[in-house]
Amino acid sequence: MPPVVRLTHVEKTYKAEAIEVAALRGIDLEISPNRFSMLIGASGSGKTTLLNLIGCIDTPTRGTVEVAGQQIGTLSDDALAEFRARNIGFIFQNFSLVPVLSAYENVEYPLLLVGMPAAERRDRTLAMLEAVGLAKQAKQRPNELSGGQRQRVAIARALVKGPQIVLADEPTANLDSATGAAIIDLMRRVQAESNTTFIFATHDPHLMSHADQIVTIRDGMLIDPTPGAAA
Amino acid sequence: MSTILKVAFRNILRNRRRSFMTGSAVAAGVTAMLLFGGFANYIFTSLETRSVQQTGHLTVFRSGYFLFGAGNAAAYGIDGYRSLVEAIRLDRELGPMINVVTPTQSLLGIAGNFADGNDASKTFLGIGVIASDRDRMRQWDEFKTGLITPPDPRFSDKEESHGLVGLGLARILLLCRPLALNCPAPPEQVARKSAGPVNADIADLAGREAGGVAAKADGLPQIDLLAATAGGAPNVVNLTVAGADPQGVKELDDNYVEMPLGLAQQLVYGRAEHKVTGIVLQLNRSEDMPAARARLAQLFKERGADLEVRDFSELNPFYGQVRGMFSAIFLFISLVMGMIVLFAVVNTMTMNVMERTSEIGTIRAMGVKRGGIRWQFIAEGALIGAIGASAGTVFAILVAALVNHGGLSWVPPGNANPVPLSVYVANRPGLILRAWTILVAVSVVAALLPANRAARLSVVDALRHV
């Protein structure tokens, strides 16, 4: 099966005033589909930058990034947004739900972006809320939900459109260990059910224990840079 | 679009206090524009009503009279005016448009009071009218202003030598006591001084031509009016002064004489053919003016008459000046209010963008395009503007209703008597729509800058924002 993510000689340099800081240095990486993959490394190692490139919200300074068969360097900003809307789901450390929308509306939001008809949208949203155990909280706003419930809404929102890849940046960092464990179990279950590729950036050893593939990054370089070697 | 509006509306509610303050600025702007605009509308309408009541919508003159006739009105008399008045009245097109069509005679001369040992004279500006037509013209109130003057019993068609004068002229001609007017006495050293040979000549002429002066009819004082006839000969008539009214403008007040048309014609034309200087048309509706004017031009062409038509705004330059002044003030107020709204909305939307930077990053990551972000914040600006403008409109209508039913009155410039103060808002949908649209448009423009800034944010930077 061809990789769902392929990075070739990717470099990313940030300019801080006159100083150039290399966040990624010559990354070559392939991630197989339908896997639970982890990007691990110390703070500042470059894992979030790598996740941003895979998520098509950032572009490399050098090298190529191919996601779901699409070279992202060739796409315009609008085309990238369209690509993200259809193919990539995000789960953020701080949940990042839209505060003025209810749980139902937050989950429904990605379906509006892909122009799904209302009836299908409603069915999928309700099914997704049911899948994450929040059917009863559908009308509640994020500030009326607990941290764990918010992250469940975020997971439902990331998965509702059936994306090829779900990217999660430290999804358990703001949760207590029991809730974090429950969230990991939930993600593992829905990943298995939906055959979606999950890619995490994490420090959480409990989360790492569920990994199908671990990619270790240090100082902007992969520890074992051989494509697919970490599988 | 519904999601954008839903999110916009909820974000407005989320920042209630900030939205309220910004909406209040918009509401205050709309209220100010509507109340002043409503007052200006009332002024325009009242002024038009007064002008049309006094001078009609259109006046027919002999060509050249309007520009040159003031120096020698008698030379610009309209020949055969009676048949022309009838032709206008019976015209198929004009007839249904017309409320009143009436001839008038303007004249200049010298008025003198030599009764009871008085020795006072003054140049005058006279107008000869048909009293009943004048009374009908004063009933015209197309715009329901309530500015109707009841028929004046002092000046009617029955009394062929009775007339009215300006209060200033009455004072100068020493008519205050006989007319029981409350006006101050002239300084004694001036009062004792006679105008000399001129007054003596007028008195002599009046005695010779009018069969003696100083006789009082009905207990009312008489004055002598001297003018040159169309042929250039001096002529004098007696006018019984039935009353004196303030004219609002001092120059007019000190010179004004209103008399029956026949008396004016007798003074100006003597035994020669009687003519008039103007034929006044008062229409039922002001909007018919262009059509009536066009038809009059056609009629004159058919009759081979060398006549011109002037409308009330040309005859009363004051009308145009007042309109211009109020329009300029309205524009100025609109600009000030627009600036206030602009800064208030820019400030609010900039704060909204700053506070929601992380949220912008999240929804951009989810696939919302730059345009979607831009529309989101424009919609919020527009919504704040629309809610504020609507609230301001309701408030302005309430305040206007309060003023209109409050029994307030004022004396407009050029008027002699107080009139009810009104503010036309609820019955001016055009004004409401204009003020509302302007300030909502300003709100949208004000939101553009922060909205563009939000749309240009890098997704990564926005997500990193705390």
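**View 1. The contact between chain A and chain B in the predicted model.** The contact takes in 26 residues of chain A and 20 residues of chain B. Together the two chains bury about 2,100 Å² between them, and 61% of this area lies on carbon and sulfur atoms. Within the area that chain A buries against chain B, A:Ile57, A:Val100 and A:Tyr109 supply 24%, which is more than any other three residues supply.

**View 2. Charged and polar pairs between chain A and chain B.** Between the two chains there are 5 salt bridges, and 8 residue pairs are in polar contact, counting pairs in which both residues have a pLDDT of 80 or more. One of the salt bridges joins B:Arg10 to A:Glu105, whose closest N and O atoms are 2.4 Å apart.

**View 3. The side of chain A that touches chain B.** Helix H2 (77–87) and helix H3 (103–113) of chain A each supply at least two residues of this side, and the largest share, 6 residues, comes from H2(A). When the residues of this side of chain A are divided by class, 14 are nonpolar, 3 are polar and 9 are charged.

**View 4. The second largest cavity, lined by residues of both chains.** The structure holds 3 cavities of 30 Å³ or more, and the second largest cavity contains about 70 Å³ of space. From chain A, the lining includes A:Val98 and A:Tyr109, while from chain B it includes B:Val7, B:Arg356, B:Glu359, B:Ile360, B:Ile363, B:Gln376 and B:Phe377. A:Tyr109 was also named in View 1, as one of the three residues that together supply 24% of the area chain A buries against chain B. Helix H14 (357–366) and helix H15 (370–404) of chain B each give at least two residues to the lining of this cavity, and H14(B) gives the most, with 3 residues. The lining of the second largest cavity divides into 6 nonpolar residues, 1 polar residue and 2 charged residues.

**View 5. The second largest pocket and its lining.** This pocket has a volume of about 670 Å³, and 31 residues line it, of which A:Thr48, A:Asn52, A:Gln93, A:Asp169 and B:Arg464 lie nearest its centre. Strand S2 (19–31), helix H1 (47–54), strand S6 (88–91) and strand S7 (165–169) of chain A, together with helix H17 (459–464) of chain B, each supply at least two residues of the lining. The largest share of the pocket lining, 5 residues, comes from H1(A). By class, the lining of the second largest pocket has 12 nonpolar, 13 polar and 6 charged residues.

Technical notes: Residues numbered from 1 in each chain as written. Chains lettered and ligands numbered in written order. Predicted model: local features only at pLDDT ≥ 70, side-chain atom pairs only at ≥ 80, totals over all residues. Heavy atoms only, no water. 1 Å grid on protein atoms, 1.4 Å probe; cavity = no way out; pocket = protein on both sides within 12 Å on 5 of 7 lines; lining within 4 Å. Points joined across faces, edges and corners; volume = space filled by probe spheres on them. Helix = DSSP H or I, 4+ residues; strand = E, 2+ residues; numbered from the N terminus. Nonpolar A, V, L, I, M, F, W, Y, C, P; charged D, E, K, R; others polar. Contact = heavy atoms within 4.5 Å. Buried area = accessible area lost by both parts, 1.4 Å probe. Salt bridge = Lys/Arg side-chain N within 4 Å of Asp/Glu carboxyl O. Polar contact = N/O pair within 3.5 Å; in protein donor to acceptor, adjacent residues only side chain to side chain.
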